[in-house]
Amino acid sequence: MTTLAPQFDAEFLRKLERLEWLTRRRLRGQTRGEQRSRAQGRSIELFDYRAYQHGDDLRYIDWNLYSRLDQLFVKLFAAEEDLTLYLLIDASASMALGQPSKVDYTRRLAAALAYIGLAHFERVGVSTFRAGLIQTSPLMRGRANIMHLLQFLGSLSATGKTSLEMAISDFAASSRKPGMVIVLSDFLDVGDIKHCLSSLRSQRHDAVMLQILAEDDIAPPLAGDLQLVDSEHQSSIRVSLDEALRNTYEQAVLSHVDALARHCLSAGIGYARTSTSVPFEDLVLKHMRTGQLLK
Amino acid sequence: MIELVTPLALVALLAIPIILFLYSLRPRRQRVVQSSNQLWREALAQRRRGLGLRQILSNLSLLLLLLSAGALALSLSAPQWLTQGVDASDTVVIIDVSASMQTKHGDSTRFDAALRQARLLIDAKPSGARMLLIESARQARAKTAFEDNKDVLIKALETIRVTDEAGVPALALALGATLLAGADDTQIHFLTDAAFASTQLPFVPNLKLHVHGNSDTRNVAVTRFAVRADPASPETYQALIRVHNYTREPLKLPLQLTGSGASLWRGQLQVEAHSSEAVVVPFHSLGGIELQVNIDYADDLQLDNSAYAVLSAPPPIHVGMYSAGNFYLESVLDALPQLGHTRLTADEFRKSRLASSDFDVIILDRLAALELPPGRFLLIDTVATNLPVELNSERSARTVSALGESALVSGLQLTGLAIPDTATLHHNRNQDELVQNLIWTSAGPVAVSLINGESRVLLIAFDPAQTDWPKRAAFPLFIERALTWLSGHDPEIDDTTLEAGLSYRVTTPTQNSRIAVHRPDGSNVEIRAVDGKAVVQTTDKTGIYGLSIDNGFRSFAVNLVDAVESNIASQPVVANTSEHQAKSDGTIAQLLWPILAALGLALLLLEWTMRAVGRGGA
């Protein structure tokens with residue numbers, strides 16, 4: 001399994017260390033970290049005001065406002081809290097396809113993203129899912145845990161069926177603390193995606209759907225009389241693939257990913273798509289920064 | 001509408017699952033694992049929506065094979081495209097009304113079906129198009145002129161009746177072609193059962209033959225019925241009956257010969273399949289009877305199971321008898337119904353000159369005649385000088401020892417008859433005379449018959465009154481036979497029988513006689529003679545026809561007796577017509593099997609070509 005663990009050179013790791021996660025919502029952490037929390041508290045940074053209520057600490061009444069407006073307002077302070085990064089990795093059979101395989105690409109990407117979090121002393125947890133969560137690592141913090149995390153990723157294998165709904169449901173039940181959730185999958189068999197997205201949002205997670213497709217998924221290099229076998233369900237269909245059908249399929253793929261992107265946008269959830277043909281370093285160091293996932 | 005003639009042939013559709021099985025054995029497609037087939041299914045569904053029927057072509061090779069098998073199986077079941085219609089501007093519709101059109105199919109006949117189709121053709125006639133109706137039997141008769149009025153055509157159609165006549169379709173076709181000659185856009189529809197030899201059809205352009213019939217039929221028929229007098233025996237006749245078996249199996253057919261309703265003979269005739277047998281039936285009659293032969297067998301056409309003949313009564317024999325008195329002979333002459341006799345005394349015989357033209361037969365009873373004129377004579381115990389027969393002068397008692405071979409004495413019980421006083425007869429034959437010895441004694445013949453040209457003489461060398469012959473039944477029989485033979489009057493046979501559809505010529509006693517024709521179906525037709533002659537033309541039904549002429553009555557028989565017409569199986573249609581198999585409901589059936597067979601083979605060829613060039617359809 002060790003051999004399956006992603007290998008990064010030192011230069012790349014230094015570049016990763018210069019990156020940090022860019023969240024779009026304030027997240028509540030358990031310990032002080034480098035991320036700003038939505039939990040109001042007694043830190044030094046004023047976050048907001050609200051009308052005074054009976055029982056509020058009189059020390060936090062803003063008397064300047066009272067003198068100007070003749071109304072009592074209580075000062076609210078933003079707490080500086082650590083970020084919890086959850087990586088949900090699709091380990092179903094469809095991820096085994098592609099050149100390089102989607103699961104290898106995902107493994108390297110997850111390692112890089114986790115390393116960014118660990119390097120910034122964020123809490124990082126990795127879970128794999130198929131028809132539900134199948135394996136979850138403990139939350140880790142600090143660079144020292146990178147080896148544990150890589151070992152965890154090295155044990156990842158792509159088999160079985162996917163059920164994103166079940167996976168999200170399991171994750172929602174197990175993660176009590178909101179954080180940044182990055183779901184890495186090909187999202188080709190998503191079921192009720194709206195329900196999945198609403199589940200994540202209801203948990204107040206800052207979620208990102210990172211769709212990883214193989215070039216074969218987007219533009220299959222196929223022709224002639226074929227029996228197409230579904231990698232997960234083992235069902236097959238008989239097609240005689242010609243140019244017209246191939247175009248129709250590619251159009252269907254585009255429609256599918258566009259629909260996924262629209263759903264994410266409407267749910268306030270981030271979405272990014274990549275192909276395994278995109279060089280890994282370019283994805284992390286360029287595209288994800290451009291897509292405002294990293295800064 | 002499409003109908004299958006042999007639906008059992010659809011069993012050939014079992015080839016379809018075989019094709020499917022064989023098709024499943026073809027090389028399998030390349031298996032390719034995909035991340036998910038969901039998007040492929042969407043793409044296929046989207047493509048099906050976009051392509052419509054081309055979805056069916058997703059497996060064109062298999063589809064072509066299945067279509068080919070289906071077309072070939074359908075062609076085996078002989079499908080027919082049922083249509084009806086008239087598209088020419090001038091149309092002749094010929095309806096076969098010959099006897100075979102009476103063949104039954106279920107509850108209706110071929111003729112009924114032809115009428116229904118004719119009605120449909122009239123109904124389908126475009127406005128302005130003209131149509132002419134012809135009925136075809138032994139003669140061709142136009143029932144209308146060229147008419148565009150459907151009502152007129154329908155009324156004419158309602159007057160058309162099927163006949164018992166043998167058909168001569170060539171006449172009707174020739175008439176139709178003649179009437180259409182010179183016109184453009186014409187068509188002849190011949191509604192028939194095709195129960196005739198194909199050679200009977202002449203070449204007629206634009207002929208459409210609508211066949212209301214089938215080849216699987218059962219029929220037997222009297223194909224000949226002739227009656228003749230037995231030349232060897234007066235009052236005995238022979239009926240020649242020929243029966244044909246048109247079925248595929250040998251039959252033992254019950255036959256009955258009746259005379260004016262009374263049974264004359266019953267018997268059975270074994271007839272092999274598709275062959276005929278004849279039987280000669282002897283019977284006795286004095287004439288004046290209506291004969292009918294009947295085959296008691298239920299078949300598709302009953303009409304030809306009977307045949308008819310009329311044995312008219314012979315004219316009365318006028319006998320002049322010169323006698324000194326003969327009780328027994330006069331009693332016999334009085335008793336015979338067909339005789340009219342005049343008794344003349346010996347004095348009258350001596351005073352008058354013998355004139356044979358006044359009587360059919362002259363009897364000379366023991367009165368010697370010096371010389372006989374030409375005529376018919378019965379000489380009893382006397383001779384004439386100009387006869388080649390002489391009486392032997394030695395008379396004595398004799399006993400009849402034998403009878404000759406003549407029909408005049410055939411079957412008579414005369415052997416041992418004692419004759420107390422008789423001479424014997426001696427004759428000198430020459431080439432011009434025919435002499436037969438009738439009654440023999442040990443001393444020689446005592447009765448002879450002689451024919452010399454138109455003259456006939458019968459001589460008896462003794463006086464029967466002196467024997468007990470008159471007390472025997474043989475005496476009146478002999479006298480009746482003798483007078484009938486001498487008179488030469490036989491019942492009329494040949495002139496009283498004809499085939500249906502032919503004309504019967506009648507000679508009447510007066511110039512302008514009114515003749516009532518009593519037809520077999522009970523209807524009466526009146527005709528008038530011109531110059532003592534008349535022609536009965538309405539002989540379309542078989543049976544006995546009666547003729548009431550002035551105060552007299554005579555009859556004649558009309559028969560089918562046609563071996564070709566009785567062969568009611570539809571024959572193959574000749575090549576110079578466009579064949580349409582007509583249905584009982586009057587529609588026209590266009591045979592589709594050649595088209596379907598060609599289509600099936602073409603589809604096979606297309607499938608093979610596609611495979612050869614490696615083009616499997618999506």
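Reader: Which residues of helix α5 (residues 150–158) of chain B are buried?
Author: This is a predicted model. Here a residue is buried if 20 or more other C-beta atoms lie within 10 Å of its own. In α5(B), the residues that pass are L153(B), A156(B) and L157(B).

Reader: Why do the buried residues of α5(B) line one face of the helix?
Author: Look down the axis of α5(B). The buried residues line one face because they fall within an arc of 100 degrees.

Reader: What does the face of α5(B) turned away from its buried side carry?
Author: The buried side is covered by elements including α4 (110–123) and β7 (130–136) of chain B. The face turned away carries exposed residues, namely D151(B) and E158(B).

Reader: Which residues are exposed on the other side of α7(B)?
Author: Start with the buried residues of α7 (residues 327–335) of chain B: L329(B), V332(B) and L333(B). They cover an arc of only 100 degrees around the axis, so they sit on the same side of α7(B). Their cover includes β18 (317–323), β19 (339–344), β20 (361–365) and α9 (474–487) of chain B. Exposed on the other side are F327(B), D334(B) and A335(B).

Reader: What is the bridge partner of L291(B) in β17(B)?
Author: Strand β16 (residues 289–295) of chain B pairs with β17(B) over 6 bridges, in the antiparallel sense. In β17(B), the partner of L291(B) is A309(B).

Methods: Residues are numbered from 1 along each chain as its sequence is written. Chains are lettered from A and ligands numbered from 1 in the order in which they are written. This is a predicted model: local features need pLDDT of at least 70, side-chain atom pairs count only at pLDDT 80 or more; totals for chains, interfaces and linings use all residues. A residue is buried if 20 or more other C-beta atoms lie within 10 Å of its own, exposed if 12 or fewer, and partly exposed in between; C-beta atoms are placed from the backbone. Helices (H or I, at least four residues) and strands (E, at least two) are DSSP runs, numbered from the N terminus. The arc is that of the directions from the helix axis to the C-beta atoms. Two residues are in contact if their C-beta atoms, placed from the backbone, lie within 7 Å. Two strands pair if DSSP finds at least two bridges between them.
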